[in-house]
Amino acid sequence: MKGISRRALTRLASALALLTYAGGALADPAQHDVLILVYHRFAASVTDSTTVRTDTFRSQLRFFEDNGYRVVPLSDVIAWHAGRQDNLPPRALVLSVDDGHRSVYEVLWPMLKGRSVPVTLFIYPSAISNASYAMTWDQLSALVQSGTFDVESHTEWHPNFKTERARLTPDAYRRFVHDQLRRSRARIEGELHRPVRLLAWPFGIYDTELEAIARDEGYTNGFSLDAKPVTPQSNAMALPRYLMTQHCDMTCLRGMLRNAQAHHD
Ligand SMILES: [Zn+2]
């Protein structure tokens, strides 16, 4: 032991302990590929950049089934992320749909009938039963009652928080954010009689101030558009999701799922 100080040995021991710990921490998520996908609109033909064609969506569902991916409820992934349960299948996928477009009711729901494919919707109440492109509260209610859909918050009217922060004084901005997050939750809970605890950030914009306000307003989790798999280390207030568009064909989808696996290797 000549030439090695006690201090160097202590350092080596803690480095080894850290390595062992890191190995243990990585061993668990390696068993899971957890991906959250986010869609917007569905139609037989593409009319805008956020629409996914029905035949594309059907072949994606088939691809998931054929390759061992299982669509699970978002609540299962949240419980797993929080360390409350570990019963996720090895390849877990979550489907979410943002904005409350009426094609969810008219096109997506009929496609999912007869399948066990849970979906979480993130909606902004100002559009519901109001904008011509959006669903009505009655339609949302029917979706929730079907047992396939969960409805969560996407703020009250889908503001761009970066623009609002530049426009308002710091105090007015904070009040504005509180108001957007509070009203949305209250309205959805009032209309659908279900608790709302999840928030999808409009345009995927979030930061530590927004996260703190969301926690303050009773949200347990937030969701971004950061295009990464969810791991136990992911930020609970900005869990990453993959934006799905018609441009993401089967090659793109395969690449995405391979990346998720590589992420754990
Ligand atoms: Zn949105």
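Guide: Buried means under 20% relative accessible area, exposed over 50%, and partly exposed in between (1.4 Å probe, protein chains only). This is a predicted model, in which local features need pLDDT of at least 70 and side-chain atom pairs count only at pLDDT 80 or more, while totals for chains, interfaces and linings use all residues. Residues are numbered from 1 along each chain as its sequence is written, and side-chain values use heavy atoms, with hydrogens and water left out.

Of the 5 residues in β7, 4 are buried, so the strand is largely enclosed by the rest of the structure. S153, which has its place in β7, is buried with a relative accessible area of 0%. The C-alpha atoms of S153 and W201 are 8.9 Å apart in space, although 48 residues separate the two in sequence.

The partner to follow is strand β6, residues 119-123, which pairs with β7 in the parallel sense over 5 bridges (pairing needs at least two DSSP bridges). Within this pairing, V119 stands opposite F149 in β7. To get from β6 to β7 the chain passes through helix α5, residues 137-145, and this β-α-β crossover is right-handed, that is, clockwise from the first strand over the helix to the second with the strands pointing away from the viewer.

In the loop between β6 and α5 one finds S129, whose phi is positive, about 55°, although S129 is not a glycine. With a relative accessibility of 46%, S129 counts as partly exposed. Beyond the strand, H158 lies in the loop between β7 and α6, residues 161-167, and H158, also a residue other than glycine, has a positive phi near 60°. At 16% relative accessibility, however, H158 counts as buried.

Just after α2, G68 takes a positive phi of about 80°.

How values were computed
Helices (H or I, at least four residues) and strands (E, at least two) are DSSP runs, numbered from the N terminus.
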